[in-house]
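Let's walk through this structure together, pair by pair and patch by patch. Keep the sequence and the 3D view open as you read.

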Amino acid sequence: MKVQHARHWRRRTAEEQKATAYRGIALLVWIVLLASGVAAWFAYIVCDAKDRNSLLPKAPTASLQQAADQALLEQIPGRDLLVRSVTDTVMASGGFQVGDIYLTEQRLLERPETLDSEALSETAAQLNLLYQTFQVPMCVIAVPSAGELYAEDLLGGVLFPSQMDEIDAFYEQMDSLIRKIDAYHVLITMTDNYIYNRTDPRWTCYGAYGVYRNAIQKMGFSPVSFDQYVVTHVGTYRGSLYDACLYDDVTPDVLDVYTCTSGSTVTEMTAYLADGTDEAREMNQECDTADPYAYYLGEDCEKLVIRTDLENQKTLLVLKDSYANCMIPFLLQHYSKICVVDVTQMEHPLQELADVAAYSQVLVLCDADTFADTECFAHLFG
């Protein structure tokens, strides 16, 4: 009988891990560049002359360039095989880092970027101006990365960069009357639970519920107790961290839906799209997108207005990124109307999208990296 021995991880220094990962990534990059160059040359040759201008390089923004790079990688024939080869090479050599992704036995962790202090200061100034201009009670939540809570899962004692000092400094620069939620100290008490996805950098519904329970009290409401929710497992998926390394030893994530059995119901939900049109939507609907979080609110759009059957006349304006998608259902239990503006999709000044002074409260909920992206808040005042 063949005995299968338990796999032991060889511990290496951080420099050894980085060198091993970069050698593999360098090989992949050269192959990608070669393949993309050949494909571009072939497309240019075979297309009609009138179509060739569309193939000429333009000067995209940083975010568009990142999306284009990702799309290019995904379209290269044999891309998955190449990525798996790099990951297998790293693991076989005793490493556990592929690019900016750390591979652990429990989850994938993304190495965070150092937050730009000047950018955070600009964002804090914009939020201060928003509050001082409209005098609407405001609450701000900067969500930390999973690595802030699970870095000890890393093997070999690798030093994991922290963003907490920058987040604290960001909070300190905001008006004292703006309520700031310390999401880290809420989540650190819940780390034994499924609060962050294993293959995606964002939190789960339960992680969002933990922060909601704390934040909603500071916003003047009593939180809905957990036992009033029915949890439905919609399906499983592998997120963007998995797509970057195709490491199969981590358990797929579960897409959960929390339904309050005794709470409000949505009576109307309208999305306002970039082309100037609007469309009716429903909560928790499958849509044609690779992002699993789109299940909660639908595909990303600049503005979304949700009305409920509550008659308390309480209204909420939410400025958010995708982290807020799975928290919105909890907030719906307290407001008759919620206007959701996605700062990563904004193309118009905030005042063209919503009458800020008409809302009872403002909630700003984003990943810490989004707050450090000044482009995301550039449209608050035009």
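R79 and D80 join in a salt bridge, with 3.2 Å between their closest N and O atoms. (A salt bridge here is a side-chain nitrogen of Lys or Arg within 4 Å of a carboxyl oxygen of Asp or Glu.) R79 counts as buried because its relative accessibility is 12%, while D80, at 42%, counts as partly exposed.

Before going on, a word on what you're looking at. This is a predicted model, where local features need pLDDT of at least 70 and side-chain atom pairs count only at pLDDT 80 or more, though totals for chains, interfaces and linings use all residues. Residues are numbered from 1 along each chain as its sequence is written, and side-chain values use heavy atoms, with hydrogens and water left out.

How many salt bridges does the structure hold? There are six. In general, side chains of opposite charge can pair when their charged atoms come close. Take D248 and R84, whose side chains meet at 2.6 Å, N to O. D248 sits in the loop between α10 and β7, and R84 in helix α4 (residues 79-92), so this pair ties together parts that are 164 residues apart in sequence. (Helices are DSSP runs of H or I with at least four residues, strands are E runs with at least two, and both are numbered from the N terminus.) D248 is partly exposed at 38% relative accessibility, and R84 is partly exposed too, at 29%.

Next, find R281 and E279, whose side chains form a salt bridge at 2.9 Å, N to O. R281 counts as buried, with 14% relative accessibility, whereas E279 is partly exposed at 32%. There's also a network of salt bridges that links D200, R202 and D291.

Now for charges gathered on the surface. D100, E110, E113, D369, D373 and E375 make up a patch of negative charge there. (Such a patch takes residues with over 30% relative accessible area and no salt bridge, and joins like charges within 9 Å.) D100 lies in the loop between β1 (97-98) and β2 (101-103), and its relative accessibility of 36% is why it counts as partly exposed.

What about the inside? In soluble globular proteins, nonpolar side chains tend to be buried together. The largest nonpolar core has 100 residues, and V140, Y196, W203, L331 and F371 touch the most other members. Helix α9 (residues 205-218) gives this core its largest share, seven residues. A second, separate core has 14 residues, including L103, L108, L241 and Y247. (A nonpolar core is a set of buried Ala, Val, Leu, Ile, Met, Phe, Trp, Tyr and Cys residues joined through side-chain atoms within 4.5 Å.)

Finally, have a look at the backbone. L246 isn't a glycine, yet it has a positive phi of about 55°. You'll find L246 in the loop between α10 (240-245) and β7 (253-260), and at 8% relative accessibility it counts as buried. N284, also not a glycine, has a positive phi of about 55°. Its place is in the loop between β9 (278-280) and α11 (294-297). Is N284 buried or partly exposed? At 22% relative accessibility, N284 counts as partly exposed.

Notes:
Buried < 20%, exposed > 50% of the residue type's maximum accessible area, 1.4 Å probe, protein only. Patch = residues over 30% accessible without salt bridge, like charges linked within 9 Å, V, L, I, M, F, W, Y side chains within 5 Å. Areas by Shrake-Rupley, 256 points an atom, 1.4 Å probe, with all protein chains shown as cover. Lys, Arg positive; Asp, Glu negative; His and termini not counted. Charge placed at Lys NZ, Arg CZ, Asp CG, Glu CD.
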